[in-house]
Amino acid sequence: STPYSLARPGSLRRRMAVLNPLAFYRLAKEVVASQKRLLRLAARGGIAISAPIVKAKNSRAIEYAVSLTEFPRIRSQRRVAKCSALTTDVSRFYPSIYTHSLDWAIEGKAKAKASMRSKGKPSLGSRIDKLIQAGQEGQTRGIPIGPDTSILFAHVLLGAVDKRLQAGGFAVGTRFMDDYELV
C-alpha cells in the first residue's frame, strides 16, 4: 500500500492508504465469501454501537447498524444509574494492529497457532492475515486505513476485546470504532 494524506475541511488531515488493486481484490473476494461469519464476529460483545452491516443500496459496502444520530441517545441510556465511567481511545489503532491478531480474533489464539503448524487447509483468519500482508509487502504491523474491509476487521478484532471485557464484568458501555466508554 502507498500512504495518502486526505485533507478534511475544518479538521486535521487523515492518513489513508492506496492499496495494490490486485492484492485488495483478493482480500475483498475472501471477505465477500466469508461475510456472514465476519459480520457475526464483528457484532459480538454487544458494546459496539458502530457494529458493521451490509445494506443493499449504499455508497459504501459497510455501514453502521445504528444511525449516527442515535449514538448519543444509546450512550445516554447505557449511562443511566451508573456512578463512574472509563473513557478511552485506542491510540493509532489501525497502524498498530498486528495482522496475526486478526487470525486470533477469528479462530481463537490456540486454534490459530495450531493451524499455522498444520499442513491442512488454512483457516479463514490465516487467509485474511496473509492477504493483508500481501498488500503491504509482507508487513505484519498495521492494516490500511480507509477501505471498508479494514472497518470490518477492526470490528472483528475489537469484538473479541468486547467479549473479554464482558467476561471481566464490564458488560455495560459503548464502543464507537476504537473509542470506548465503559460504565
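Which residues line the largest cavity? The lining consists of Leu-19, Ala-23, Phe-24, Leu-27, Leu-131, Ile-132, Gly-135 and Pro-144. This is a predicted model, in which local features need pLDDT of at least 70 and side-chain atom pairs count only at pLDDT 80 or more, while totals for chains, interfaces and linings use all residues. Residues are numbered from 1 along each chain as its sequence is written, and side-chain values use heavy atoms, with hydrogens and water left out.

On a 1 Å grid over the protein atoms alone, a cavity is a set of points where a 1.4 Å probe fits but cannot get out; a pocket is an open set with protein on both sides within 12 Å along at least five of seven lines; and lining residues have an atom within 4 Å of a point. Helix H1 (21-33) and helix H7 (124-134) each supply at least two of its lining residues, and H1 gives the most, with 3 residues. Helices (H or I, at least four residues) and strands (E, at least two) are DSSP runs, numbered from the N terminus. By class, this lining has 7 nonpolar, 1 polar and no charged residues (Ala, Val, Leu, Ile, Met, Phe, Trp, Tyr, Cys and Pro count as nonpolar, Asp, Glu, Lys and Arg as charged, and the others, Gly among them, as polar).

The largest pocket contains about 990 Å³ of space. Of its 35 lining residues, Arg-14, Arg-15, Tyr-94, Pro-95 and Ile-145 are the closest to its centre. Strand E2 (14-18) provides the largest share of the lining, 4 residues.

Next comes a pair of helices. Helix H5 (residues 99-107) and helix H8 (residues 148-167) pack at an angle of about 60°, with axes 9 Å apart; axes are lines fitted to C-alpha atoms, for helices over the stretch in contact, and angles run from 0 to 180 degrees between N-to-C directions. H5 and H8 are therefore oblique to each other (under 35 degrees is roughly parallel, over 145 roughly antiparallel, 65 to 115 roughly perpendicular and the rest oblique).

The second largest pocket, with about 250 Å³ of space, has H5 and H8 as the elements that give two or more residues to its lining. H8 provides the largest share, 5 residues.

Methods. Points joined across faces, edges and corners; volume = space filled by probe spheres on them.
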